[in-house]
Amino acid sequence: GKFRAERAAAAVNFLYREHYESKGSHQMSRRRIAITGLGILAPNGLNTEEYWASLIAGRSGVRTIESFDTSEYPCRIGGEIRGFDPEPYFKDSKLLRRTDRFVHFAMAASIMAMKDSGLELDKEDLNRIGVIIGTGVGGLDTLEKAARKLIAQGPSRVSPFVIPGMMANAAGALVSIEFGLRGPNYCPVSACATSSHAIGEASRMIRDGITDVCVAGGSEATVTPLAMAGFSAMRAVSLRNDSPEQASRPFDRDRDGFVMGEGSGILVLEELEHAKKRGARIYAELGGYGQSADAWHLTQPHPEGQEVANAMRFAMQDAGVETVDYINAHATSTPIGDICETNGIKRALGENARKVAISSTKSMTGHLLGAAGAIELAACVLAVNRGVIPPTINLDNPDPECDLDYVPHTARETKVRAALNNSFGFGGHNASIVVKEFVD
């Protein structure tokens, strides 16, 4: 029995790697994927163009938290969404009141992305359009408020809308209802790798012919009392309360933890011929998707970065490229994580690792957990489309163990033919996506 189990596991592993490593006819015959719409709501930009302008200018959205009293908290800073009014994105004011903040973000970003794509839904088969929107945590604010009411006033005072308000799949469900999209709809949850998994799985559905279009990404709203208390207790977050904009400093010798952020990133993915037929504007092509698991620790990455490297390798092999011009690193500004990712990049790219431009835009947005991969993939898409690489700000004193080209301080104008985005989550979940310049 043990021998048969080991042989079966080996066969599965072989087939999995063959999927990524096979080239030739596999690359030539499969359906290609265009990225035709972007919707971003980030701490440093309330729409895609504001977000991109802030990244290129090296402008941070991290500030002292204002949404609740943090006077007793070790960490009092975060990347909050400020000045955002969700009301224009909801036709039903009751629904707005009954839904969580992470749903508000997702709805706004999805409406932006759909408008940006130019899709005319009255001309589409709505059974062929899917929605995959993930979240690392879901409706935490709804849950916290309900728990306080339960303790203070008893169970009879708990709202019947608590459960639908807090459930992780609420964002994807309501986006599909908003647009009448009847294709596959589900919600991945894999901590900080969530939205990269959502986008990667959406790309697979298009390649497999299950859908022609997919609305995919993630949303998160965890700048809340409980989340901030929990991450503070873990000693995972930066304590640079007196200098919020300088607190997130990936690859820097003096980094002391990540900064919590919130927001949403949504992309519209579309089968290439479908996009061309309707004359869509194509930002870039989604070329490849790779994933792996560290199988190591619930909260810490593997120090050697072996499986991180495999996720990158699988994505590049899937895309049919041997290297990339730009990597948007997961790099969260934690002492261990940034070194592990650097090791992984070296393993994955070999000698090319020192030739690739790398940056962590979390230095400007903080860490959006389940939404991080989506907003950072959008940065990769725009880097390919516009020929500009956003910088890593606050990289004043590089860590000797982080010795690659991290594009410090200032954006860099250069040709970007292919870019790779990394997302790694608690639990050892690794996901990488390659986007390429669109060439017909």
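1. In this predicted model, E376 and K362 form a salt bridge, with their closest N and O atoms 3.0 Å apart. The pair joins helix α15 (residues 372–386), which holds E376, to helix α14 (residues 362–365), which holds K362; the two residues lie 14 residues apart. E376 is buried because its relative accessible area is 1%, under the 20% cut-off. K362 likewise counts as buried, at 1% relative accessibility.

2. A salt bridge also connects D396 with R249, where the closest N and O atoms are 2.8 Å apart. This pair links parts of the chain 147 residues apart: D396 sits in the loop between β11 (388–389) and β12 (412–413), and R249 in the loop between α10 and β7. D396 is partly exposed, at a relative accessible area of 46%, whereas R249 is buried, at 4%.

3. The loop between α10 and β7 (263–271) also contains E245, which pairs with R63 of strand β2 (residues 63–64) across 182 residues. R63 is partly exposed at 31% relative accessibility, and E245 is partly exposed at 34%.

4. The structure contains 31 salt bridges. R30, R207 and D318 are linked in a network of such interactions.

5. Helix α6 (residues 140–153) has 14 residues and should span 20 Å at 1.5 Å a residue; its end C-alpha atoms are 20 Å apart, so the model agrees with expectation. Within α6, L140, T142, E144 and A146 are buried. Their cover includes α7 (162–166) and α10 (225–233). Just after the helix, G154 adopts a positive phi of about 95°.

Methods. Residues numbered from 1 in each chain as written. Predicted model: local features only at pLDDT ≥ 70, side-chain atom pairs only at ≥ 80, totals over all residues. Heavy atoms only, no water. Helix = DSSP H or I, 4+ residues; strand = E, 2+ residues; numbered from the N terminus. Expected span 1.5 Å × (residues − 1). Buried < 20%, exposed > 50% of the residue type's maximum accessible area, 1.4 Å probe, protein only. Contact = heavy atoms within 4.5 Å. Salt bridge = Lys/Arg side-chain N within 4 Å of Asp/Glu carboxyl O.
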